[in-house]
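Dear colleague,

Please read them with the model open.

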Amino acid sequence: MKGNNVLPNVHLRKDWQLRVKTWFDQPGAKKRRRLNRIKKAALIAPRPIDGLLRPVVRGPTLKYNTKLRAGRGFTLEELKAAGIRRKEARSIGISVDHRRRNRSVESLESNKARLQEYQSRLIVFPKKAGKPKAGDSIDASALASTKQLKGPILPITQPTPTLVHVKSIGDNKTDAFLRLRRARADKHFKGVREAKAKVKEEEEKAKQGK
């Protein structure tokens, strides 16, 4: 060996085969998840697979508030406007969030219309066949032909943005950028130009005096 160097001590016997993570169970896990979904759907039938009805809300911050998404639950004001009691809402598949507040009339009206549309399509099965209570569906043919909803409940559609054209007042041929630059330059050199004009005026007066 030459020089005052570190002695070679490469430790390669780390049994890496025992620490390798494998995913050989991926096909089996996929099948298990699928069977669990089928089992859950059969367990909650004839209720929708998607779960509870969610309100339409806007995301926070300037980045996300232009898009609509599903919220946690309907406010107590929205339920009251639609004529639904708070405890009744959960029993007919409507989510409730007592903490959320309506900051605008637009959100209140849109979710009220959403609840009313849901109520118009809702079919409530009686607990005991042949003994319906108030609010239960009476039509036997509708109860017999009802199928479990597999997709989203009242899917949320994004509103199409509307473009508003504003007619400009004045000459359209002039460049706005150049006008702004010129106005900025005029403001910046105002004092210098006034001083030059004053000196020139004094020189002219001096010439006329001679």
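The largest pocket of this predicted model holds about 1,300 Å³ of space. Its lining is made up of 36 residues, and those closest to the centre of the pocket are Ser91, Ile92, Leu122, Ile123 and Val124. Among the elements that each supply at least two residues of this lining are the helices α1, α4 (86–91) and α5 (105–121). Empty space of this kind is what rolling a probe the size of a water molecule over the atoms brings out.

Helix α1, which spans residues 26–44, also contains Arg32, and Arg32 belongs to a positive surface patch that is formed together with Lys30, Lys31, Arg33, Arg34 and Arg37.

Two points of the backbone deserve a look of their own. Most residues other than glycine have a negative phi, and most peptide bonds are trans. The bond that joins Ala45 and Pro46, however, is a cis peptide bond, with omega at about 5 degrees, and Pro46 itself lies in the loop between α1 and β1 (56–58). The other point concerns Thr61, which is not a glycine and yet has a positive phi of about 70 degrees; Thr61 is placed in helix α2, which comprises residues 61–64.

With best wishes

Notes:
Residues are numbered from 1 along each chain as its sequence is written. This is a predicted model: local features need pLDDT of at least 70, side-chain atom pairs count only at pLDDT 80 or more; totals for chains, interfaces and linings use all residues. Side-chain values use heavy atoms; hydrogens and water are left out. Patches are made of residues with over 30% relative accessible area and no salt bridge: like charges are joined within 9 Å, nonpolar side chains (Val, Leu, Ile, Met, Phe, Trp, Tyr) within 5 Å. Accessible areas come from the Shrake-Rupley method with a 1.4 Å probe; for residues, only the protein chains shown count as cover. A salt bridge is a side-chain nitrogen of Lys or Arg within 4 Å of a carboxyl oxygen of Asp or Glu. Lys and Arg count as positive and Asp and Glu as negative; His and the chain ends are not counted. The place of a charge is taken as NZ of Lys, CZ of Arg, CG of Asp or CD of Glu. Helices (H or I, at least four residues) and strands (E, at least two) are DSSP runs, numbered from the N terminus. On a 1 Å grid over the protein atoms alone, a cavity is a set of points where a 1.4 Å probe fits but cannot get out, and a pocket is an open set with protein on both sides within 12 Å along at least five of seven lines; lining residues have an atom within 4 Å of a point. Grid points are joined across faces, edges and corners, and a volume is the space filled by probe spheres set on the points.
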